[in-house]
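Colleague: Please take me through the model below. I will ask about each chain in turn and then about single residues.

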Amino acid sequence: MRKILTTEARSPNSAFPANSVGIVEPQSHTFPGPFKLACGRVLDEYTLMYETYGTLNADKSNGVLICHALSGHHHAAGYHSENDKRPGWWDHYIGPGKPIDTNKFFVVALNNLGGCHGSTGPASINPATGNVWGPDFPPLRARDWVHSQAQLADLLGIRQWAAVVGGSLGGMQAMRWSLEYPARLRHCVVIASAMKLSAQNIAFNETARQAITSDPDFRDGRYLEENTLPRHGLAVARMIGHITYLSDDGLGKKFGRELRSGTFEQGVEELVEFQVQSYLRHQGDSFSGSFDPNTYILMTRALDYFDLAREYEDDPVKAFSHARCKFLLVSFTSDWRFAPERSREIADALMHANVPVTYAEVESPMGHDAFLLPNERYEKVFAAYMNNVAREVNAEVTA
Amino acid sequence: MTRKDLEIIADWVAPNSRVLDLGCGDGELLVRLAQQKQVNGYGLEIDPLQIQKCVERGVNVVEQNLDKGLANFADQSFDTVVMTQALQTLRFPHLVVEEMLRVGRECIITFPNFGQWKARWHLAFSGRMPVSDLLPYEWYDTPNIHFCTFRDFEVLCREHNWEVLHRQVVSESAVSGVLKDFLPNLFGETAIYHLTR
């Protein structure tokens, strides 16, 4: 019985939904250096882990780059095996017939430099010393990611992306693309993002980093060499982050004040525990089993340092006057980490810079996480926009 | 709904200019202006369904509530600011027109004429608020909260020292089309004003 099931699962399209990209296999490539970073330091070489979905067309004009957010990686859609319980992180939006339609686009998703899912990062070996990089890994900026992504585009033969797409920190990379390589993208899709973090955002990130670094097992970041792991610190960091990605309303609807154990009756010794507590602990624990603490520190710092207009006299209009692509912006009403106000600032700057822009403020109770979740309006706007992108690219092919 | 107003607006907008369309609806005017005048424009809209139509047509549309003002736009940052058939839906129409003339060098406004004979007839003889093709709402569910007539708008322009560059009246039916030239406030269905300061 079991064998038959396994055989069936192997045949294409049987085990997964029809609009899934199905089983995907990550690839990796090591780029020869020297690769100069924004901080001035140089990597002799670096590896990027990536996945692709769909087919690159003859003139290589239908490429879509997916930039990941803080804790994301290369596995954005589909499954790694028949037994995979969960698909890639943006599976709701990437696949046949989905907004980023793999029947039309060749989609590239990667694990950023500094990541901990196969790309070169703090948990990799420093070739110069033969030891793990750990805290000595150079600090990164969004522009370093953009430059490495451009090298990945070169490797794939993609001179111009049909679109560079990203949510949150991914949106920041997409915006940076529009300024660093104006000719290399037609469209820039920025979802639930901002031109820079607010003081409150930075405060949350700092608290998360403090949770990690004050864990006794952190060992100044040399935990891998010393065979320890600041699991608790990382779990707390993730819990803090997680709260900020949800909304008060969303949490309330999901958990309310429901108890998991104990009661409020007098004289009962059992500890009262709310459902939301155990949920957060579970999120934190599962994250700390799969993510590198130094990478978390590095990525949150990159977030903090991001300031789109810093080199343009702090004038976003001046910054965006370098952009040559068209923009789609989406925000979500209950997102307080990257509030709609932040997206409106981007829209205003783009309009003043005379850059084509479309902006939709989508009603959602799901907070910042809404950009990953099903939402009818979001899907429709996103799909309609990407449909035009595909039409534009195809018109050029036939012309 | 008649969109004769859109043809006239296209005549008044300069080629290759920068246009902001307030309450742009499904983006029809911006499509027209882009095709006929190579106009570079943005539409502001609040209705998700209309925004969706704009996105499908490839029109630059930005979600924004006009009742919250245009403070996010710099002085004179557009050549022309347009608002078709939305004036009557605003909370403070006069403040929005002031803002339009700050943000744009010129503005073009169209609105339904509540002084038209049909509306007058309806109210006078049935004693009920008029419901027509142009104004297809009942009084309780209408987005229109500030109806005015041509004469009312003329008074508003004078009081605020807005200079009227052009004014025009359009009507759908042939009879009204002729009569509107003699008695615009009675026979005109839609008013189109081209203003500056």
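Colleague: What radius of gyration does chain A have, with its 399 residues?

Modeller: The radius of gyration is taken over C-alpha atoms, and the globule rule is 2.2 Å times the number of residues to the power 0.38. For 399 residues, that rule puts a compact globule near 21 Å. Chain A agrees with this, at 22 Å.

Colleague: At what pLDDT do side-chain atom pairs count?

Modeller: Residues are numbered from 1 along each chain as its sequence is written, chains are lettered from A and ligands numbered from 1 in the order in which they are written, and side-chain values use heavy atoms, with hydrogens and water left out. This is a predicted model: totals for chains, interfaces and linings use all residues, local features need pLDDT of at least 70, and side-chain atom pairs count only at pLDDT 80 or more.

Colleague: How many helices and strands are there in chain A?

Modeller: Helices (H or I, at least four residues) and strands (E, at least two) are DSSP runs, numbered from the N terminus. The C-alpha trace that carries them spans about 80 × 50 × 50 Å along its principal axes in chain A. The count for chain A is 11 helices and 12 strands.

Colleague: Of the 399 residues of chain A, what percentage count as buried?

Modeller: Buried means under 20% relative accessible area, exposed over 50%, and partly exposed in between (1.4 Å probe, protein chains only). Contact means heavy atoms within 4.5 Å. Among the chain A contacts between residues at least 6 apart in sequence, 72% join residues at least 24 apart. The buried part of chain A is 54% of its residues.

Colleague: How far apart are the mean positions of the positive and negative charges of chain A?

Modeller: Lys and Arg count as positive and Asp and Glu as negative, while His and the chain ends are not counted. Each charge is placed at NZ of Lys, CZ of Arg, CG of Asp or CD of Glu. Chain A has 38 positive and 46 negative charges, and the distance between their mean positions is 4 Å.

Colleague: What radius of gyration does chain B have, with its 197 residues?

Modeller: Chain B has 8 helices and 7 strands, and its C-alpha atoms fill a box of roughly 45 × 35 × 30 Å along the principal axes. Buried residues are 52% of the chain. A compact globule with 197 residues would be near 16 Å, and chain B agrees, at 16 Å.

Colleague: Which bond is cis, with omega near -5°?

Modeller: The proline concerned, A:Pro34, belongs to strand β1 of chain A, residues 27-36. The cis bond is the peptide bond from A:Gly33 to A:Pro34.

Colleague: Is A:Glu313 buried or exposed?

Modeller: A:Glu313 is in the loop between α8 (293-305) and α9 (316-320) of chain A, and its phi is near 55°, a positive value in a residue other than glycine. A:Asp314 is found in the loop between α8 and α9 of chain A, with a positive phi of about 55°, and counts as exposed because its relative accessibility is 56%. For A:Glu313 the relative accessibility is 62%, so this residue counts as exposed.

Colleague: Which strands of chain B are included in what covers the buried residues of α4(B)?

Modeller: Helix α4 of chain B covers residues 93-103, and its buried residues include B:Val96 and B:Met100. Both are in contact with B:Leu22, as are B:Val81 and B:Met83, among others. The cover of the buried residues of α4(B) includes β1 (18-22), β4 (78-84), β5 (104-112) and β7 (190-196).

Colleague: How far apart in space are B:Val164 and B:Gln38, C-alpha to C-alpha?

Modeller: B:Val164 lies in strand β6 of chain B, residues 163-170, and counts as partly exposed because its relative accessibility is 22%. Leaving aside neighbours within four places in sequence, its contacts are B:Cys157, B:Tyr193, B:His194 and B:Leu195. B:Gln38 is 126 residues from B:Val164 in sequence, and their C-alpha distance is 25 Å.
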